[in-house]
Amino acid sequence: MKIEDLISKLPPMKTGAELTKALEDIQPYSEDVRNADTTTRLMSLSELYNIYIPSSMSHEIHSKLYLAMIRSLQKKCSQQAILQRYENNAAIIGQEYRGIIGGADSFTIIGASGIGKSSAIGRAVSLITQNTIITTANPHSKIIPTLTVQCPFDSSVKGLLLEILRKTDEAIGTYYSNAVKSRASTTDTLIGLVSTVCLNHISLLIVDEIQNVVNSKNGKNLVGALTQLINSSGISICMVGTPECVPFFEQAMQLARRSAGLTCAPMSFGETFEETCRVLFGYQYVKNATELTPSLLYWLYEHSAGNISVLVSLIHDAQEIAILNGTETLN
């Protein structure tokens, strides 16, 4: 198995204006809808939530995920990957084992709730993978380019490991059911199994809602399990969360060095914010259209602080109220 063969099965990496166009999701709109009945307009109004406008954050997340996926695929083609499979099998049957393939391939994407991290990751993953599974003939294997799971609310190590197996099942196999049937009782045994699955079938693992580790007694255990997973599988792991998890990762060097990554912030007041507002203001479902004035622009920034989720909700809810109470204007 050669890295060139694996990369050839992936879409080419896009940059610049081409990437912006590919990430963009602008919903169709006709001004005639403003003359439709109330029910139709209220239902059409929900299209606001389906709009995606790329930003610099979108570009950074896309390149970070793409390159991490490529690094992980490179390791799968190395001699160390073969040796690591033997070590992982030793762990599955309860013998002592060690991490050979190793690596410092984990990173974080940190940002406040509502600024569009998950949407940006979802758009990037869709563009990178195009919902395809990489299939190789010699040896025969199936590789999932990216797999996304959520950190359990109680930071259960076993819960996360079983979720990785369950998500893998949805794409290519029956590892989850086999693990449950065999009652893989010890965490080390389960980590050995999941490490082998990741080494053979997963390129990039994305763990969302990682801030759940902060207030859980199992938090450090879960991060430790992820560290062991990195060392035993060689895959890249992306941890996505809110700023509250930064002090947690900074407590110890083994955690801090794995928390390097992207820090995402809300939009500042400027051209990007103005352009976003202009696009959103193009979707008006009230009977009387309103022009985006400088005073409205300032008002929107003052009340949203550049948070895209709040901004969309403001424009959506204002129109919903205006339609329901009969004022029929967005002001």
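The model is predicted, so to speak, throughout: local features need pLDDT of at least 70, side-chain atom pairs count only at pLDDT 80 or more, and totals for chains, interfaces and linings use all residues. Residues are numbered from 1 along each chain as its sequence is written, and side-chain values use heavy atoms, with hydrogens and water left out.

Start with the open space. At least two lining residues each come from H4, H6, strand E6 (261–264), helix H13 (271–281) and H15; helices (H or I, at least four residues) and strands (E, at least two) are DSSP runs numbered from the N terminus. H4 gives the largest share, four residues. By class, the pocket lining splits into 15 nonpolar, 18 polar and four charged residues. Here Ala, Val, Leu, Ile, Met, Phe, Trp, Tyr, Cys and Pro count as nonpolar, Asp, Glu, Lys and Arg as charged, and the others, Gly among them, as polar.

One cavity of 30 Å³ or more turns up, and the largest cavity has about 40 Å³ of space. Its lining is made of Pro11, Pro12, Met13, Lys14, His62, Tyr66, Leu127 and Ile128. Helix H4 (56–76) and helix H6 (117–129) are the elements that give two or more residues to this lining, which has six nonpolar, one polar and one charged residues.

On to the helix pairs. Axes are lines fitted to C-alpha atoms, for helices over the stretch in contact, and angles run from 0 to 180 degrees between N-to-C directions. Helix H2 (residues 16–23) packs on H6 at about 105°, with the axes 10 Å apart. That makes H2 roughly perpendicular to H6 (65 to 115 degrees; under 35 is roughly parallel, over 145 roughly antiparallel and the rest oblique). In this pair, Leu19, Ala22 and Leu23 of H2 meet Arg123, Ala124 and Leu127 of H6, where contact means heavy atoms within 4.5 Å. Five of these residues are nonpolar, none polar and one charged.

H13 and H14 also pack at about 105°, with their axes 11 Å apart, and are therefore roughly perpendicular to each other. Phe273, Glu274, Cys277 and Phe281 of H13 make the contact with Leu296, Leu297, Leu300, Tyr301 and Ser304 of H14. The residues come out as seven nonpolar, one polar and one charged.

Helix H14 (residues 294–304) packs on helix H15 (residues 308–325) too, at about 125° and with axes 9 Å apart, which makes H14 oblique to H15. Trp299, Leu300, His303 and Ser304 in H14 touch Val310, Leu311, Leu314 and Ile315 in H15; this contact has six nonpolar, two polar and no charged residues.

Definitions and conventions: On a 1 Å grid over the protein atoms alone, a cavity is a set of points where a 1.4 Å probe fits but cannot get out, and a pocket is an open set with protein on both sides within 12 Å along at least five of seven lines; lining residues have an atom within 4 Å of a point. Grid points are joined across faces, edges and corners, and a volume is the space filled by probe spheres set on the points.
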